[in-house]
Amino acid sequence: MSEVVLNCGYVPLVDCAPLVIAKELGFAAEQGLALNLLRQPSWSALRDMLALGHLDAAHMLSPMPVAMSIGMGGLPARVDALMVLSVNGTVFGVSNAVASTLENVRFGDTTALLSGLSARGAKPLRVGIPFHYSMHRLLLSYWAAQAPDLQIEEVTVPPMRMADAVSDGFVDAFWVGEPWGGVAVQNNVAKLMMAGRDVWQFAPEKVLAARHEWASQNEDSVRRLMRAVYQASAWLDAPGNKPLAVEILGRSEHLSMSPDLIDPALTGHIVPRTGASPVTVDRFLQFHSHAASFPWRSQAAWIAHHLGADAAGIEKAKTCFRADLFRQNLPDIGADMPQSSEKTEGAMTLPTSVASARGEMILSPDAFFDGRTFDFTAAVR
Amino acid sequence: MNENLSILVVEPNPERVRDIVDALREAGWSDVKALLQMSELNQTVREFSPDIVLIDLTNPDRDTLEHISHATETTKRAVALFVDQTDENLTQAALNAGVSAYVVDGLQMDRIKPVLQTAIARFKMMRQFHFELNAAKQALEDRKTIDRAKGILMRQRGMSEDDAYKLLRTTAMSQNRKVIDVAQALVTAADLLS
């Protein structure tokens, strides 16, 4: 098997872990893949480099390929999500000043938080998000829409500057991926109020993206890449591997951040404010368990719907989440996967057993905080 | 042909920004504004309503700039991404020089192109200058290290400066390494032993 060289872009966040592990632990090499991981300074730069062919694949915010496929997002290009890289993993936090008005709101109480913030008065709450086409923004809008009195002003801030943006008074709150929420707490400038999963229990956060055209012309490379990343994700979610994963990621030149910043996201032990003891957030960040890496077409539909797409746009979006490639490339390395490629998003409030390729498998709850469900099959048939 | 185009250059480094603005003004565009402080971006874009925004491709604040372009979608001053592959050569040239540009929707390509070309040339020049500056700095550092290594040999083995250098060179040649690497190893070892 001759070696294939792939250039893969990423933004240094804890959830790029599957790519780093695929390279550092040799899952890529086992597939005959030389994986070059290329750090990108911004999501815009990553998108341009991928669209223009300077990157073969990339760690991408899940709404980015959807937005691009339906002609939004600056650069219209057909970009596919080969698989989901991570589910959940973000936090919402507020400045110390805002936190002082929310004393009695406990971590993860989405409704009390909404009424607490609405009671602040007419001034809009300035919320830092990393990028316009991000799950962060979609969840923020979805959640805040429940409180008509709460005015939100979205401000894009590069994640690594989020803590500074809070201490400079540039934003009152933020929705960001780890470790940057933890950094704000460490710097004693903010209090974390909830995790992304408190709004949607199973939100696809990052995907492994590639140009549609490139993927169809490079089937073998795609297969190797997906298999390597799938195995890395499985390794990452094995509970016994967490301490080693923290250490490897901490040492890796690709992330260059200290292990104590990486640990909370991987273990789900989130410290909400300076000096407080950590709260345990169930399924804070998932890479593999409960079909986390499976690109549900209904997830793409949910994203497209909340980006404002019409029925035709939603159908187009579904095709860019490549459940077909997942079925084609992964069964013979022991991957199990649901038999259906779509589900009613938000319908599961408990772990649920469903039919899978090898019999049955358990899916995680995927409920929304307000109990709504989204069935995109009904809408078109 | 250069009148009526307003250009905003976003760049935190004051020297670099002056360089780019001067180059554009010399080429005949008078309505050029520089922005150093990202916190003023929103206001500046609204007030100045530029036809073209130029920003370093690697600047992390590009995401913020893109957001503002979405936020102003309702006004006629919509800003669209330049990198649209309509002119492959120009796009690649911009990419290689490390410049990205945002232009108002509907602006004619023949009006944008000269601005881009001027910016590309200037970015390229700055890159080259930066590269040469680094090379010069490195050469100076290397010379200091080699001088220290020579000093150690002269002191410890009572050699002349010439002989010390010859020893470093022959060792490097026999081990298939660079003189600077051998000198570095010697300096490191001496630091550890002292």
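Two strands are taken as paired if DSSP finds at least two bridges between them, and helices (H or I, at least four residues) and strands (E, at least two) are DSSP runs numbered from the N terminus. The model is predicted: local features need pLDDT of at least 70, side-chain atom pairs count only at pLDDT 80 or more, and totals for chains, interfaces and linings use all residues. Residues are numbered from 1 along each chain as its sequence is written, and chains are lettered from A and ligands numbered from 1 in the order in which they are written.

**View 1. Overall form of chain A.** Chain A contains 17 helices and 15 strands. Its C-alpha trace spans about 60 × 50 × 40 Å along the principal axes.

**View 2. An open sheet in chain A.** Five strands of chain A form an open sheet in the order β7-β6-β8-β5-β9, with mixed pairing. Because β7 (152-156) and β9 (190-195) of chain A stand at the edges with a single partner strand each, one side of each is left without a neighbour in the sheet. From one strand to the next the twist averages 25 degrees; such angles run from 0 to 180 degrees between N-to-C directions, and axes are lines fitted to C-alpha atoms, for helices over the stretch in contact.

**View 3. The pairing of β5 and β8 in chain A.** Strand β5 (residues 90-95) of chain A runs antiparallel to strand β8 (residues 173-177) of chain A, and five bridges join them. Within β5(A) and β8(A), V91(A) stands opposite V176(A).

**View 4. Helices α1 and α5 of chain B.** The axes of α1 (residues 14-26) and α5 (residues 109-157) of chain B come within 10 Å and cross at roughly 145 degrees. R16(B), D19(B), I20(B), A23(B) and L24(B) of α1(B) meet T118(B), A119(B), R122(B) and M126(B) of α5(B), where contact requires C-beta atoms, placed from the backbone, within 7 Å. The residues of this contact of α1(B) with α5(B) comprise five nonpolar, one polar and three charged; Ala, Val, Leu, Ile, Met, Phe, Trp, Tyr, Cys and Pro count as nonpolar, Asp, Glu, Lys and Arg as charged, and the others, Gly among them, as polar.

**View 5. The two domains of chain B.** Domain 1 (7-132) and domain 2 (133-193) divide chain B, with bounds from an automatic or database domain assignment. Their C-alpha centres lie 46 Å apart. Four residues of domain 1 of chain B are in contact with four residues of domain 2 of chain B.

Terms used:
Two residues are in contact if their C-beta atoms, placed from the backbone, lie within 7 Å.
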